[in-house]
Amino acid sequence: MLTNNQLFRLAAPIFIETLLFMLLGVADIYMLSQYNDLAAGAVGAANQLINNLNLIFAIISAGTAVLVAQNVGAKNKLEIERVSSVSIVMNLCLGIAVSLPMLIWGRNILVLMGVTPDLMEHAADYIQIVGGALFLQALLNTAAVIIRSHGFTKQTMLISLGMNVLNIFGDAVLIFGLFGAPVLGAKGVAIATTTSRFLATIVAYSFLFKKVVPIEMFRHIFDKPKQVLKNLMKIGLPAALENMSYSISQTVVMSLILVSIGEVSYITRTYAWSICWFAFLFAIAIGQATQIMIGQSVGAKRIDEAYEIGLRNFRISFVLSLFTGLGLFLFGGNLIGLYTDNPQIIAIGAATLAVDAFLEPGRTFNIVFINGLRGAGDVIFPVVMAVISMWFFGVGAGYFFAVILGYGLPGFWFGFLLDEWIRGFSMFLRWKSKKWTNKSLV
């Protein structure tokens with residue numbers, strides 16, 4: 001029986017790892033905000049595109065996480081090696097296919113997204129360097145989910161720690177020209193990010209082949225690869241489409257903000273999002289731990305245990321979200337003030353985070369139960385609800401409140417709030433229905 005102690009053992013390192021990953025982005029934005037508000041906004045725009053592209057790799061990674069966890073529960077070593085070898089090779093190929101266009105046409109794509117000339121001055125170098133090395137992220141993501149699905153969450157946390165220390169040090173040196181280095185601004189952030197990611201990838205694969213799966217597993221790359229790829233896509237494609245729908249909807253909102261309510265609101269959104277990530281950090285950690293726990297329980301045919309795990313982990317996450325929401329409501333203006341002394345940005349940001357305080361408990365429903373459904377192999381229902389709710393409420397209702405009614409950036413956030421609560425409650429009802437109990441691939 002998987003207990004609260006096991007939840008803590010899995011979730012605590014994931015929490016720290018995710019925190020470190022967020023700090024990687026926040027450190028970039030924070031240091032750039034001290035250098036130039038436009039540079040910070042530019043990196044936010046470029047990262048929106050990069051996040052969308054990372055979802056391509058998530059197709060394979062999401063399927064890998066579920067299949068490896070279920071086979072760990074079923075104690076099927078051969079199938080673990082088959083899945084791992086195929087997923088690494090596939091994501092490497094996808095990574096190269098995505099990196100080359102970013103290297104060559106990154107600037108043109110940002111223009112199509114509506115990035116203004118002032119922002120483009122800083123965003124172009126960033127997208128070409130970080131985007132041109134996205135194959136590293138593809139490889140790192142794949143290694144991390146294989147390692148984590150075996151229960152080695154502490155090890156992936158330590159890899160993230162090393163990557164973040166290197167990245168933050170590199171940021172400081174190359175943004176501000178410390179130790180005689182050139183002052184490179186956004187370009188310096190890109191170089192630091194890519195270098196730290198390269199070193200983290202080397203360490204991750206060293207651990208993977210030494211402690212988790214043997215490098216000889218690649219002899220299975222031609223052992224039923226079509227069946228393995230089919231199973232990866234069966235889980236990974238709907239899971240990625242759900243995340244892709246969210247990310248693309250956010251990209252559309254980003255463009256609407258630039259066009260409809262201006263550059264100041266856009267920069268405020270960049271700062272507000274970097275704070276909101278911290279608000280649902282507990283839910284992300286518990287959600288990912290829930291996916292591992294439920295995947296292993298379903299693989300071992302312990303369905304009643306999996307059901308109780310989902311409900312228990314949600315209750316813990318929901319209580320934590322109430323406390324983080326309260327912090328955003330009370331101290332939102334102070335948090336935005338850490339990034340800038342612009343009174344207009346602080347005022348808009350404080351109002352936006354006040355709305356987010358009520359959004360976070362609803363988001364917890366989605367994060368925990370969607371991860372639970374995914375761990376059990378039930379991936380179609382979440383993506384259908386995502387497409388309907390995100391676009392109707394997150395984009396449509398958000399535009400209505402922000403632009404038509406004139407509430408600006410907080411209006412868009414109210415649309416997000418409606419999406420999270422309506423979609424989240426539907427995930428809760430899906431879990432309670434137990435329609436996911438016959439979706440396992442093991």
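Thr 251 lies in helix 8. The model is predicted. Thr 251 counts as buried, at 13% relative accessibility. Beyond its neighbours within four places in sequence, Thr 251 is in contact with Gln 48, Asn 52 and Met 113.

Thr 270 lies in helix 9, residues 263–279. Thr 270 is buried, with a relative accessible area of 8%. Leaving aside residues within four places in sequence, its contacts are Ile 29, Ala 40, Gly 41 and Gly 44. Thr 270 can also be placed against Gly 170. The two are 100 residues apart in sequence, and their C-alpha atoms are 22 Å apart in space.

Asn 366 sits in helix 12, which covers residues 343–376. Asn 366 counts as buried because its relative accessibility is 4%, and buried means under 20%. Which residues does Asn 366 touch, not counting those up to four places away in sequence? They are Asn 371, Glu 420, Arg 423, Gly 424 and Met 427.

**Nonpolar cores**

The largest nonpolar core has 67 residues. Within this core, Leu 110, Tyr 126, Tyr 271 and Trp 413 touch the most other members. Helix 2, residues 37–74, supplies the largest share of this core, with ten residues. A second core is separate and holds 27 residues. Leu 67, Leu 139, Ile 159 and Met 163 are included in this second core.

Once its neighbours within four places in sequence are set aside, Tyr 271 is in contact with Ile 29, Ser 33, Asp 37 and Ala 40, among others. Its contacts also include Ile 336, Tyr 339, Thr 340 and Ile 345.

**Helix 11 against helix 14**

Two packed helices are described by the angle between their axes and the distance between the axes. Helix 11 covers residues 303–337, and helix 14 covers residues 408–433. They pack at an angle of about 150 degrees, with their axes 10 Å apart. Helix 11 is therefore roughly antiparallel to helix 14, since angles over 145 degrees count as such. The crossing of helix 11 past helix 14 is left-handed.

Which residues of helix 11 meet helix 14? Helix 11 brings Ala 306, Tyr 307, Gly 310, Leu 311 and Phe 318. On the helix 14 side are Trp 421, Phe 428, Trp 431 and Lys 432. By class, the residues of this contact are seven nonpolar, one polar and one charged.

Most residues other than glycine have a negative phi. Lys 75 has a positive phi, near 60 degrees. Lys 224 also has a positive phi, of about 55 degrees. Where do they lie? Lys 75 is in the loop between helix 2 and helix 3, the latter spanning 77–112. Lys 224 is in the loop between helix 7 (186–212) and helix 8 (225–261). Are they buried or exposed? Lys 75 counts as exposed at 73% relative accessibility. Lys 224 counts as exposed at 53%.

**Accessibility at a glance**

| Residue | Relative accessibility | Class |
|---|---|---|
| Asn 366 | 4% | buried |
| Thr 270 | 8% | buried |
| Thr 251 | 13% | buried |
| Lys 224 | 53% | exposed |
| Lys 75 | 73% | exposed |

Methods. Residues numbered from 1 in each chain as written. Predicted model: local features only at pLDDT ≥ 70, side-chain atom pairs only at ≥ 80, totals over all residues. Heavy atoms only, no water. Core = buried A, V, L, I, M, F, W, Y, C linked by side-chain atoms within 4.5 Å. Buried < 20%, exposed > 50% of the residue type's maximum accessible area, 1.4 Å probe, protein only. Helix = DSSP H or I, 4+ residues; strand = E, 2+ residues; numbered from the N terminus. Contact = heavy atoms within 4.5 Å. Axes fitted to C-alpha atoms, helices over the stretch in contact; angles between N-to-C directions. Parallel < 35°, antiparallel > 145°, perpendicular 65-115°, else oblique. Left-handed = near helix turned anticlockwise from the far one by under 90°. Nonpolar A, V, L, I, M, F, W, Y, C, P; charged D, E, K, R; others polar.
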